[in-house]
Structure formats: C-alpha cells, structure tokens
Amino acid sequence: MNIIIRGVRGSIPTSNPSTIKYGGNTSCVDVTAEGWQLVLDAGSGICNSTTGDQPPNKRVDVLLTHLHFDHIQGLGFFKPLFDPSMEVHIWGPASSRNSLHSRLSRYLSPPLFPVHIRDLPCKLSFHEIDKSEFSIGPFFIQSRYVIHPGPTVGFRIQHNEKVFSYIPDHEPALGLYGMPSDKQWISGIDLATNSDLLLHDAQYSSDEYRTRIGWGHSSMEAAVSFAGMAGVKKILLAHHDPGHSDELLENMVAALPTQQNLTVALAAEGMHITL
C-alpha cells in the first residue's frame, strides 16, 4: 500500500513562506495498491492527486469523511470527473435529511461552481456509508462515525496485513473530563486500534483547545494520547491550523510528552509512505 499526502491544512488553504515545509493545501491523501487508487477527501490537495494520470483500470474511488468545504473544495477540479473514459465512485457519510448526491450538488452547481454535477461526463456513482464494511479492489475498508459537527466518518483501510487509519477531523476528548479512561467510550478507537499508521486531527495546542471545545478538532496532546491508547505504531499529526507556521508546528511537537512504542511526526504535503 502506497500513501501520498496531498493536503494537510485545516479549514482554509494557506499560501505564504511560513507554511512551505508542511504545506498549505487542505485534506487529501492518495492510497494505491495493485493498480487501484483511493483518494481520501477532496480538499484543495486533490488537484495534485496522481489519479489525474488515469489508473490502469480506469476507475478511481473518492472517500469523503464529511462534507465541510475544506474537504470537498477541490472536487470540482478533479480531472477524472471530466474524463468520459473514467469510472468515478464517491463514498460519503449518510445523512437523515438528504442524499449524498443532493448534498454535493449544492456545491457542484451555480452559483458556487459553473458545472452541474449532472453534466459531468465520467461514469459517476455515489455510495452512502455509515458503520460500514466494504471492499474496493484489494482494499478492505471500515468506516465509523466520529465526533465532529455534521455526519462525519473515519476510515480504516487494510491491504494484506497492513492498516492505515484516516481520521482527519475528530474530537475524541470532548466530554466533562476530557479523554475517557475506558477505551470503549472513545470515539474512533476501533478504527485506529493496532494500526501501522494513523493520520489524525491535531489542529490545536492544549491552550488553544480550551477555548475551542466542541468545535470538532483535537489538540496535539489529545491526538497523541488517542494513538497511544489505540496501540498505533506511528501517528501523523494533520489538519494543521491555517494560522500555524512551520516553525510553530515544530515547536508544538517538540513540547509533546514522549509515548513509548509510538512514533510521532507532522504530516507534510508530498510525503510518500509505503506500508
């Protein structure tokens, strides 16, 4: 399983000299194996996705954790959507009010976008998921709802014996007493348990989080604690705040307490990982 990080920023893309090292595009990750390609989220980073180069089987699957704008704003610029030879499958969390197609149509239509979703020339399919298990080519995927405003899921992706967990927007410490001590009450823990690699929301410092409780995001400290409780081997801290410079991110990581048997790193745009 090959993983390429395409976007790591939260909320809004950033473009200035202080964010060059870790990147300014919003959430997107490419995952490939055996000629199959998954694209996790469709933030502005999707514009750099390798799936624009046409996979051998002429199919690409886009897995959306939720429909906040920073996770779908690049969708209308995704090349395979405009290629009649391509089969594009879009997976996203179910809602009790409107279909996935209907909700995405609000963006992919005027006045927000010049092209209607119904006019896209590719072979387009939509799949609504909740507490789901499904296979795409060689990948076995599990989705579970996690704590974040609006219907939001995280993904556990397995290929052969390797597991990549992807939970970019998540607030597992939300509650009267912070992170629960009993793992069965922690949102998203089953997605991350014993995974080889976890990409997780770590938007705030502990001080910032105190004034943003309930916003749906994690502090770096909470993200690392979550990973440690889940038995993760390595965590990539992501969904970087648009106001955090490269230097500030590195200082925040340097101040974290060490976790035994857990590698902690900042997710960076362009990072290549093989599991």
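**The sheet around S9**

Seven strands, in the order S7-S8-S9-S10-S11-S12-S13, form an open sheet with mixed pairing. This is a predicted model, in which local features need pLDDT of at least 70, side-chain atom pairs count only at pLDDT 80 or more, and totals for chains, interfaces and linings use all residues. Residues are numbered from 1 along each chain as its sequence is written, and side-chain values use heavy atoms, with hydrogens and water left out.

Q: What makes S7 and S13 edge strands?
A: Strand S7 (132-136) and strand S13 (263-266) each have a single partner strand, so one side of each lacks a neighbour in the sheet. Strands are DSSP runs of E with at least two residues, and helices are runs of H or I with at least four, numbered from the N terminus.

Q: How do you know that S8 and S9 pair?
A: Two strands pair if DSSP finds at least two bridges between them. Strand S8 (residues 139-145) and S9 have 6 bridges, in the antiparallel sense, so they pair. Phe 140 has Gln 158 in S9 as its bridge partner.

Q: Why is S9 called mostly covered?
A: Buried means under 20% relative accessible area, exposed over 50%, and partly exposed in between (1.4 Å probe, protein chains only). In strand S9 (residues 153-159), 6 of the 7 residues are buried, so the strand is called mostly covered.
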